[in-house]
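Colleague: Before I plan around this complex, could you take me through the two chains and the place where they touch?

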Amino acid sequence: MLLISCPNCGSRDETEFHYGGQAHVAYPENPNELTDREWAEYLFYRDNTKGAFAERWLHSTGCRQWFNMLRDTVTYEIQAIYPMGSPRPDAAGKVTADTGTASTAADSTTTGSASPDISGTSSSPTSISSTTAPEGATP
Amino acid sequence: MAETAAPANSAQKNLSLRVSPAAPLGAAFEAGSVRGVVELREVPFLTMVGLRVNRNSGAGQRVASVTGGLPAGCGSVSGTGDTSVLWLGPEEFLVVAPTEAHESLGGDLIQALREALGGDAGQVVDLSANRTTFELSGPRARAVLEKGCSLDLHPSVLQAGTALSTEIGNIPAVLWKTGDESFRIFPRASFADFLGRWLLDAMREYASPEVP
């Protein structure tokens, strides 16, 4: 069982979350101009990375918010958690050492004083530097 | 479904026809409760309102003045008097109020919230029939919940007056710690029977003398 640190709620069991597939798959600028093959590739073709993989998650039984996660598909180590819409943190470890809750939204509470500290563990982006993650296809 | 518009003679409606989601388990709750150890009962027909509003916006401040504040972050609960507001998400809140606050019984809470929101972005939705309320209390209440909830429920971590949306017995529910030894659990109506029976099963061992 993964222990996932939701940017709003803190660490919760994996069963509270839903997986949303690969992150940073941009909607085509002009879908009408795509060939059938290009459209099919946009819809169905995803990276099958061995190593650090950026993916979307939804805290479905908690705050019901989406967020992105950088996870190692081999070790399952959660390397970073960052808000939707923000660029993928450099896998070499340029993530801010901000307890993994890199939320910038005004009302998206990070683990501040108002938030109960229910975290047994929290993902530590600081450990990224120690991991020479094999980098697959970087979008 | 809850009433969406109050009939003219709402006060004269025959309330005895209402059936709460866990009403069939009422006798079982009574029999399964262990006095002074762990007790379970349903608190039926509480008024609940789903709020979606940015609490920093003008509408959010107007709504907050009706409810007595909007909670700031995960776990926090605000409100005045009988009305409480539980944090469900960054812009999503659940207002819990007594039965009488419902507009079908002459209450004006929902209408006041609608007027406070006005035409701004957000939602005020009557969710009174969406969830029911279980009240689990007693010195063993925490032990019962710990059988099916992975949150740290130890009083040094989870303080009274905290409400968290999580999973209990594998179903999604909102858990609100109302006192040192009392919890309110809000399961969806369709899960009420399952969670009621699950809690009764989890409580059963405390009816027997403790095995040394």
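Predicted model: local features only at pLDDT ≥ 70, side-chain atom pairs only at ≥ 80, totals over all residues.

Colleague: Turning to the place where the chains meet, what area is buried between chain B and chain A?

Modeller: The contact involves 23 residues of chain B and 19 residues of chain A. On the side of chain B, B:Cys74, B:Pro90 and B:Glu167 supply 31% of the area that this chain buries against chain A, more than any other three residues. Carbon and sulfur atoms give 49% of the area buried between the two chains, and that area is about 1,700 Å².

Colleague: Which side chains meet in a salt bridge there?

Modeller: The count between chain B and chain A is one salt bridge, while six residue pairs, both residues at pLDDT 80 or more, are in polar contact between these chains. In the salt bridge the distance from N to O is 2.5 Å, and the side chains that meet are those of A:Arg64 and B:Glu92.

Colleague: Which strand gives the most to the side of chain B that touches chain A?

Modeller: The residues on that side divide into nine nonpolar, nine polar and five charged. Strand 4, residues 84–89, and strand 8, residues 162–168, each supply at least two residues of the side of chain B that touches chain A. The strand that gives the most, with five residues, is strand 8 of chain B.

Colleague: Is B:Trp87 buried or exposed?

Modeller: B:Trp87 lies in strand 4 of chain B, and its side chain reaches the backbone oxygen of B:Gly89 at 3.2 Å. Its C-alpha atom is separated by 5.7 Å from that of B:Pro71, which is 16 residues apart from it along the chain. The relative accessible area of B:Trp87 is 4%, and because a residue under 20% counts as buried, B:Trp87 is buried.

Colleague: Why does B:Ile171 count as buried?

Modeller: The place of B:Ile171 is in strand 9 of chain B, residues 171–179, and, leaving out residues up to four places away in sequence, B:Ile171 touches B:Thr166, B:Pro187, B:Phe191, B:Phe194 and B:Leu195. The C-alpha atoms of B:Ile171 and B:Leu195, 24 residues apart along the chain, are separated by 7.9 Å. Buried means under 20% relative accessible area, so B:Ile171 counts as buried because its relative accessible area is 5%.

Definitions and conventions:
Residues numbered from 1 in each chain as written. Chains lettered and ligands numbered in written order. Heavy atoms only, no water. Contact = heavy atoms within 4.5 Å. Buried area = accessible area lost by both parts, 1.4 Å probe. Salt bridge = Lys/Arg side-chain N within 4 Å of Asp/Glu carboxyl O. Polar contact = N/O pair within 3.5 Å; in protein donor to acceptor, adjacent residues only side chain to side chain. Helix = DSSP H or I, 4+ residues; strand = E, 2+ residues; numbered from the N terminus. Nonpolar A, V, L, I, M, F, W, Y, C, P; charged D, E, K, R; others polar. Buried < 20%, exposed > 50% of the residue type's maximum accessible area, 1.4 Å probe, protein only.
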